[in-house]
Amino acid sequence: MTASGKIVSGVRTFVADVTEGFLEITHNSFALIGLAVAFVVLTLTARPDLRHAGEEQLRDWLQSRQVALLDMPVELDASERATATNPKDLPKEQAAVAYWLSKKYRVAPEPLSALVAEAYETGARTKIDPTLILAIMAIESSFNPFAQSAVGAQGLMQVMTRVHTEKYENFGGHFAAFDPVTNLRVGVKVLQECIARAGSVEGGLRYYVGAANLPDDGGYAAKVLAEHFRLRQVAGGRSAPMNPPATLSTQAPARAVPVTAPATAPDEAAGDKIALL
């Protein structure tokens, strides 16, 4: 064999050996990868805690990457904090009430739907007409969950938070006054006590506004009952007039006293409000 033939033969042998070794290594590597994957799958199946930990780490990594790209925090559970419900998911009567209130008070139907549903649930539990609860919210705050009066009444139902602090203890403290659902529940509890004390709804409304000891409630009970009547019409499938919203902040001294000047000064009237409730 010539020298050139020997070189060619050697090169072929070298290439064949390299190819065979590469294939062997690749085959073994694939086998090892397959075994590793199988081991990981079995481990995660047997140890759900490890799987959850891995998923959380992966999720955190993906979120951190998204924050870096968008320059904005990622909170996938933010919608769970929102007080909102699709009105189409409500029963027909509740949906009609929610849409009517939304149109009249210019509030989005989704949060109103959540409040309507809560009012119906709380009303059934406390034996109070849910449309009366909604009427009080309408007159008190026009469905502004962050409303505050001159004397410190707060939230949807304008509850005197500093007077009813103990009622918020089961909800984590007095800051819960600005949680719409919590304020509704506490307000209904106050209303329930007022009605029981007065013996009637109209009398209970006078207690609720702090005018039980005054000759006049400034028209508060009439406004609430008129709105209550309209809401009952809507709930019954009938049309109701949509007068311009007239919010009466019942906790403010200037609005809790009669139109004609009473003997009781405004500051004393506010004191009566706090004492009564």
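Colleague: Is Phe143 buried or exposed?

Modeller: Phe143 has 5% relative accessibility, so it counts as buried. Buried means under 20% relative accessible area, exposed over 50%, and partly exposed in between, with a 1.4 Å probe and protein chains only.

Colleague: And what should I know about where these values come from?

Modeller: This is a predicted model, where local features need pLDDT of at least 70 and side-chain atom pairs count only at pLDDT 80 or more, while totals for chains, interfaces and linings use all residues. Residues are numbered from 1 along each chain as its sequence is written, and side-chain values use heavy atoms, with hydrogens and water left out.

Colleague: Back to the ring, then. How many aromatic pairs does a search of the whole structure find?

Modeller: One aromatic pair turns up in the whole structure. It is Tyr105 with Phe143: the ring centres are 5.4 Å apart and the planes sit at 70°, so the pair is edge-to-face. For the cut-offs, rings of Phe, Tyr and Trp (its six-membered ring) pair if their centres lie within 6.5 Å; planes under 30 degrees apart are stacked, over 60 edge-to-face and the rest tilted.

Colleague: Which parts of the chain does the pair link?

Modeller: Distant ones: Tyr105 is in helix H4 (residues 92-105), and Phe143 is in the loop between helix H6 (130-141) and strand S1 (153-154), 38 residues apart. Helices (H or I, at least four residues) and strands (E, at least two) are DSSP runs, numbered from the N terminus.

Colleague: Why does Tyr105 count as buried?

Modeller: Because its relative accessibility is 9%.

Colleague: What about the backbone there: what is the phi of Phe143?

Modeller: Phe143 has a positive phi of about 65°, although it is not a glycine. Ser142, in that loop between H6 and S1, has a positive phi too, near 55°, and is also a residue other than glycine.

Colleague: One step back, what does the side chain of Ser141 do?

Modeller: A polar atom of the Ser141 side chain lies 2.7 Å from the backbone oxygen of Leu156. Ser141 is in helix H6 and, at 6% relative accessibility, counts as buried. Its C-alpha is separated by 8.9 Å from that of Gln154, 13 residues apart along the chain.

Colleague: New topic: which residues is Thr161 in contact with?

Modeller: Leaving aside neighbours within four places in sequence, Thr161 is in contact (heavy atoms within 4.5 Å) with Gly152, Gln154, Tyr168, His174 and Ala177. Thr161 lies in the loop between strand S2 (159-160) and helix H7 (180-198), and is buried with a relative accessible area of 5%.

Colleague: Now the helices. At what angle do H6 and H9 pack?

Modeller: About 130°, with the axes of H6 and helix H9 (residues 220-235) 8 Å apart. That makes H6 oblique to H9. Axes are lines fitted to C-alpha atoms, for helices over the stretch in contact, and angles run from 0 to 180 degrees between N-to-C directions. Under 35 degrees counts as roughly parallel, over 145 as roughly antiparallel, 65 to 115 as roughly perpendicular and the rest as oblique.

Colleague: And how do H4 and H9 cross?

Modeller: At roughly 130°, with their axes coming within 8 Å. H4 and H9 are therefore oblique to each other. The contact includes Trp100, Leu101 and Tyr105 of H4, and Leu231 and Ala235 of H9.

Methods: A polar contact is a pair of N or O atoms within 3.5 Å; within protein, one must be able to donate a hydrogen and the other to accept it, and residues adjacent in sequence count only if both atoms are side-chain atoms.
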